[in-house]
Amino acid sequence: MTASITIESVLHRPAGIEVVEAPQELDSMHPLHPSAELIIAENRQTIVDIKNGRDPRLMVWARPCSLDDSMQPDGTPSALAFAYKIFELSKKPEIAKALFVGTGMYAVKPRTGGTGKDDFAGLDQRDLVTAHALITAGANMGVPLRMEVMTKEHLARYDDRMTALQVGARDIGSTMLRRTLSATNTPVFCKNADSGDLSPGYRAISTIATGHSGVEVTLPDGRTARYTDRTPGNPNALLSYRGGDDVKTPEAYASRVQEVSRQNVPFELDNAHGPAAAHDPKGQKSVEGQKTAFEHNLRLMQMGSLAARPVSLLIEAYLLEGADTTEQTPGMSWTDPGIGINDTEEMIRELARVHGRLIAR
């Protein structure tokens, strides 16, 4: 062995590599207030109570497609400005008696788009410290937060700050992720597949509810640990129906929602994806398509044509309507188009009126 071999020569360290802070280091930079911990626990219990029929209210999640670090003219982060508006609305008595309202900070959201390229990275991948700071600030405000997770590292960074988690259509088939989620009791929304196939979502709910041995988790110091015994299992997962490639018309969408309502599994209707495409004249995800899908779902609920009503509705919204993938418009989505805040507030008020009457029946 030649004496010129060193650790530096063996470990290839290309330029542009950064050290990723361990969860405990991020937590020390952006601590969660003890009062926020209690609020998060209470909000999680509320979701469980709604899911299990002990709370008659309906959940509604109004959130941007992805988390960004843009600033409003007054220096407030756009994400926090939107979250505060949703939080204020959720506390109004006429809303709170019928709805449990939350938002989302989807930091882990790689998407096509972003400066015209197909390599848009979520804020967690672009600027982890800023992403963690924004999410912690939102949690400390007391607003119920939800985000999509893809790995055990995402859970370690954000789980304690989230009221709910989500597994997206791209990851719903990951057995490893589903098994990892059996180690937390945070409510999990499980999407069906892009194709429209419901079975991956139902399998995910079953896997997450079951205890598994050998599951790996990330510790606060960044190390990986493994369960030698079984994980406790997480009974708090539910389906998020997003439509799919097999649903091209409003009639086909309504038929599939009716099918979902007959499965005896608590479910959410996601108005932002498949149903928007089914209701959009060009068959694409759009603001107008999402609004039409929302009105369609309200009619399905009012008409009593569902075997069971949804426990949650999801809409994509932000301060400004639309999308700007050049990332130059603060408060407008950098990825998929979102509904503006004024229309979002009116949609939530309408939903409160409709569901309030359904509760009173």
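User: How many bridges join S1 to S2, and in what sense do these strands run?

Analyst: Four bridges join S1 to S2, and the two run parallel; they count as paired because pairing asks that DSSP find at least two bridges between two strands. One of the facing residues is Met59, which stands opposite Phe100 in S2. The names follow DSSP runs numbered from the N terminus, where a strand (E) has at least two residues and a helix (H or I) at least four. This is a predicted model, in which local features need pLDDT of at least 70 and side-chain atom pairs count only at pLDDT 80 or more, while totals for chains, interfaces and linings use all residues. Residues are numbered from 1 along each chain as its sequence is written, and side-chain values use heavy atoms, with hydrogens and water left out.

User: Why is the pair of Trp61 and Phe100 called edge-to-face?

Analyst: Four aromatic pairs are found in a search of the whole structure. The centres of the Trp61 and Phe100 rings are 6.3 Å apart and their planes stand at 80 degrees, so this pair is edge-to-face. The rule is that rings of Phe, Tyr and Trp (its six-membered ring) pair if their centres lie within 6.5 Å, with planes under 30 degrees apart called stacked, over 60 edge-to-face and the rest tilted. Trp61 lies in strand S1 (residues 58-63) and Phe100 in strand S2 (residues 99-104), so that the pair links distant parts of the chain, 39 residues apart.

User: What makes Trp61, Phe100 and Phe189 a cluster?

Analyst: Ring pairs link the three residues. Trp61 also pairs edge-to-face with Phe189, at 6.1 Å centre to centre and 75 degrees between the planes. This pair too links distant parts of the chain, with Phe189 in strand S5 (residues 188-191), 128 residues from Trp61.

User: Why does Trp61 count as buried?

Analyst: Trp61 has 0% relative accessibility and therefore counts as buried, since buried means under 20% relative accessible area, exposed over 50% and partly exposed in between (1.4 Å probe, protein chains only). Phe189, also at 0% relative accessibility, counts as buried.

User: What sits over the ring of Phe189?

Analyst: The charged end of Arg146 does, 3.8 Å from the ring centre; a charge sits over a ring if NZ of Lys or CZ of Arg is within 6 Å of the ring centre and within 35 degrees of the ring normal. Arg63 likewise lies over the face of Tyr106, at 4.0 Å from the ring centre.

User: Why is strand S10 called largely enclosed by the rest of the structure?

Analyst: Five of the five residues of S10 (residues 312-316) are buried, so the strand is largely enclosed. Ser312, Leu314 and Glu316 cover one side, and Leu313 and Ile315 the other. S10 runs parallel to S1, joined by five bridges, with Val60 opposite Leu313 and Arg63 partnered with Glu316.

User: How do you know that Arg178 has no salt bridge?

Analyst: A salt bridge needs a side-chain nitrogen of Lys or Arg within 4 Å of a carboxyl oxygen of Asp or Glu, whereas the nearest side chain of opposite charge to buried Arg178, that of Asp197, is 10 Å away. For charge, Lys and Arg count as positive and Asp and Glu as negative, while His and the chain ends are not counted. Arg178 belongs to helix H9 (residues 175-180).
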